[in-house]
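Welcome! Please open the structure in your viewer and get your selection tool ready.

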Amino acid sequence: MKIHVSDLKIGMFVQDICGRWINNPFWRNSMMIENFDHLEQFRSSSLDYVWVNPSKGRGLEPESEIEDEEERPPAASPPAPKITKIIKENSTPSFDGEYERARLFSKHMLSTLDFALSDTINSGTVDHQSLSEINSDVVRSVSRNPNALVSLMLNEQFKRGYDQQHALSLSALMVALGMQLNLDRETLTRVGMAGLLMDIGKTALPQALMKKQGKLTEEEFELVKQHPILGKEILTKSGIHDEIVLDVCLNHHERSDGSGYRQGLTNDQLSLPAKMAAVCDVYHAIISTKNYSGTYNPAIAIRKMTEWQSAHFDRSVFQAFVRVVGVYPVGTLLQLRSGRIGVVIQQVENLAKPTVKIFYSLKTNSYIAPEIVDLTKSKDEIVCIDHHSTGLVVPF
Ligand SMILES: [Fe+2]
């Protein structure tokens, strides 16, 4: 029987979903609703209706049934059965709700990653189980709201350090990009795992080198270039033989024109996941604070990458990535015509008019009470972006 997700009860057996699989919060076709968490995840998903099998669980209450002319025999006479229809005004889980949820579980994920990476440094193997659980959380979060976890990872500096946050950010970016490219459920999970593990080879390098701030010498850079092959050795030694994970680990520093490393492969020799990894890795690296002499405002990063695109990235993958992060990516500081400054917190369909959290007034030169502004519905507009590495305001 087809019912609205708001009518689901604990004890019901969901046989199937009505809608795209990507919207299924549990990534499986059927399941028993066992607790409130299951209920909450269905209700906060973008699903409207599901199919419930009453022979395998709790039955339906009559008022929960949904009118469906194709299934319901024509009524012989009035009165018509009582029908309850609930229309969701906004079926997409809110950014704020998912952001807070991601904030809660990301601390646990980063702590687990911290432990797992330390363990890999000591043992030379990967705790596959722990990382798979982290990856499942990433995939679920990004599928509920593609912006929230990505925004959290790109905006906030966590205590666990760069490498952990880099791995988690890459996983979230790979899954969000995979969704944009309409990859299937299984492949999304695999590219998320590839994001987590692409730099695992760095655990085999001297840790003093990995902690070094600033520019590397030529010799040091030659050492760093070994991390893809070192990573593959760690993965295979750990019993991880997924082709996508291995391929991304080996080839995420290759570039479309053959100028990358390890083998100088060109665009037509690279797989889709490797092309995705190249874009996600460069983006996160140049907006972060490690290994680059200067970091870029996310919007400037996209402009720089647009300049590099023809040589370094696959065109269609890069275009999909821009649709994920936007022309003004999450984390970009913006000045509005009203004299207020805010940070981009969410993309909408109109990439030129993101949702912004306002927090500062140039008129009073002071912080103001935070306010969320949807620029598609506001008369205010973007007038410039702030290059936060130099303090210069870059007009456009
Ligand atoms: Fe790398």
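Here is a short tour, from the whole chain to a sheet and then a helix.

**The whole chain.** Keep in mind that you are looking at a predicted model. Colour the chain by secondary structure, and you will have 13 helices and 10 strands to explore. The chain has 396 residues, and 39% of them are buried. Take contacts between residues at least 6 apart in sequence: 63% of these join residues at least 24 apart.

**The sheet.** Next, look for an open sheet of four strands, paired antiparallel, in the order β1-β4-β2-β3. Which strands are at the edges? Select residues 2–4 for β1 and 31–32 for β3: these are the edge strands, and each pairs on one side only. In general, strands of a sheet are held in pairs by backbone hydrogen bonds.

To see a bridge pair, pick Val14 and its partner in β3, Met31.

**Helix α3.** Move on to residues 128–144, the 17 residues of α3. From first C-alpha to last, α3 reaches 24 Å, close to the 24 Å expected at 1.5 Å a residue.

Which residues of α3 are buried? Among them are Leu131, Ile134, Asn135, Val138, Val139 and Val142. Show Asp137 and Arg144 too, as they are also on the buried list.

**Around α3.** Finally, select the helices that the buried residues of α3 pack against: α2 (95–123), α4 (148–155), α5 (162–180) and α6 (185–197).

How values were computed:
Residues numbered from 1 in each chain as written. Predicted model: local features only at pLDDT ≥ 70, side-chain atom pairs only at ≥ 80, totals over all residues. Pairing = 2+ DSSP bridges. Helix = DSSP H or I, 4+ residues; strand = E, 2+ residues; numbered from the N terminus. Expected span 1.5 Å × (residues − 1). Buried ≥ 20, exposed ≤ 12 C-beta atoms within 10 Å, placed from the backbone. Contact = placed C-beta atoms within 7 Å.
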